[in-house]
Amino acid sequence: MSLPDRSKGEYRSAQHEGSTMTPSRCELLVIGAGPAGMAAAATAANLGVDTLLLDEQPAPGGQIYRAITTTPVSDKRILGEDYWHGASLVEPFRASVARYEPGATVWAVSRMTAEAPAQGFEVAYSVSGQARMVEARYILLATGAQERPFPIPGWTLPGVITAGAAQILLKSAGLVTSGPTVLAGCGPLLYLVAWQYLNAGAKIDVLLETAPAGRMRQALPHVWDFLRSPYLGKGLKLMRAVKAAVPIVKDVRDLQAVGDGRLQSVRYTAGGRQHEMPAEQLMLHQGVVPNVNLSRAVGAEHEWNEALDCWQPKVDEWGATSVADIGIAGDGAGIAGALAAEHRGRIAALNAAKTLGRIDAARRDREAVPHRQALARATRGRAFFDTLYKAPDAYRRPTGDTIVCRCEEVTAQQVRDTVALGCSGPNQMKAFLRCGMGPCQGRFCGLTVSELIADERGVPVSEVGYYRLRFPTKPLTLGELATLPQTDASRQAVVRLKK
């Protein structure tokens, strides 16, 4: 494999030339090319670690810096300076000797067999319909966050998308809505999307804020850190711009998307009265949560975060999990934001380099100091708006015919009724209703189902648990499976079977 010309800004390719090849190898495998993944890969590679980064997207950036190298949005004022900060992560990653494979979907991870020549993991993934395999001694998951499910009546109608999806359209294709548009929910991203859409020349007809009255009082104990944080100045500037251009309705309840075959209007209650307005586009958002499908499938221990109402992996100060030689960095280990993610990526990479014998513990600890200081600055003040914008119970624990599992079209009432029949947990619920068994593998319904079961049983969500996830974690065709490269161990196993 020839190395690319660095002067042309190319990456070192990790792509295979054929599906009949035996698995490739690396010391450190990083999964996900967001801020944590890029920072970790560059840091580890510069310490002499043989590093491979796999990512589902066609270009680096992750969700927050999506399409940072390819976006058609040339006016930097539209997306804002925080978005363009992502370029400062791409350049060091590009300049490093880390190998990189875009468009790669990881769907299985397993320990090396006893007959294998080296310790570590076998990781199966697919690129363009072809299955591939890589052997790695250490794995760092940098799978980031996903938007929290927002199940309201009508949320499956065409015309209803998440605010994050709207942001993807803008970043990746320079597209914004043109018809009557409503933004609804809570969280900083809601105002950021509104600001970016306004910068792009789009009109937001109304912003419906679902955070209940009294949240500011609950957030006041955290206000001192927030006043000393980098969020204050940026947040005030952004909110002033949005409030000057968009009508904002507070304490919105009973939010519904209404339409016959597609979205036609948005109905809600505010100020004790019901309102309805025409809409062609409804963008929903109520915060983000760690993307835990892969971390759960590898067997890492998780815990329920009471402050944010979500599951997150248990990690130590270095990002190490309960599974030996598997670490997690960035928002996949707990929501802290993009700036925090890059510093957590560098800290986790230092620990991986130490585990792999490239540096000693003293050097790891010494080089981690500035990153820990930067991490502390980046996370200061988060508790304030995490409390302020916590998703309301009514929108996390729906009732009636509201669809909870989009893949299998299971309603909230069906889940609640099944609990009354004696179903005590999400894995039993699969047998009753098939929720969590569709293509998304529970990403859109897992949190909601756990909370509904806990609500009906009157117990904490931590007692209810979550889906037991198995590989493959992503949809896989038989054709892809047939192209999977063979290891020496698998060939010997077939030989023994024939005998």
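The model is predicted: local features need pLDDT of at least 70, side-chain atom pairs count only at pLDDT 80 or more, and totals for chains, interfaces and linings use all residues. Residues are numbered from 1 along each chain as its sequence is written, and side-chain values use heavy atoms, with hydrogens and water left out.

Reader: How many Å² do domain 2 and domain 3 bury between them?
Author: Six residues of domain 2 are in contact (heavy atoms within 4.5 Å) with nine of domain 3. Buried area is the accessible area (1.4 Å probe) that two parts lose on being put together, summed over both. With 64% of it on carbon and sulfur atoms, the area is about 640 Å².

Reader: Which residues of domain 2 lose the most area to domain 3?
Author: Together they make up 73% of what the domain 2 side buries. They are P149, P151 and W155.

Reader: How many residue pairs are in polar contact across the interface of domain 2 and domain 3?
Author: Salt bridges (a side-chain nitrogen of Lys or Arg within 4 Å of a carboxyl oxygen of Asp or Glu) number zero between domain 2 and domain 3. A polar contact is a pair of N or O atoms within 3.5 Å; within protein, one must be able to donate a hydrogen and the other to accept it, and residues adjacent in sequence count only if both atoms are side-chain atoms. Both pairs found are at pLDDT 80 or more, and the count is two.

Reader: What is the distance between the end C-alpha atoms of helix α1?
Author: Helices are DSSP runs (H or I, at least four residues), as are strands (E, at least two), numbered from the N terminus. The expected span is 1.5 Å times one less than the number of residues, so the twelve residues of α1 (35-46) should span 16 Å. The distance in the model agrees with this, at 17 Å.

Reader: Is V109 buried or exposed?
Author: V109 lies in strand β5 (residues 104-111). Buried means under 20% relative accessible area, exposed over 50%, partly exposed in between (1.4 Å probe, protein chains only). Because its relative accessibility is 10%, V109 counts as buried.
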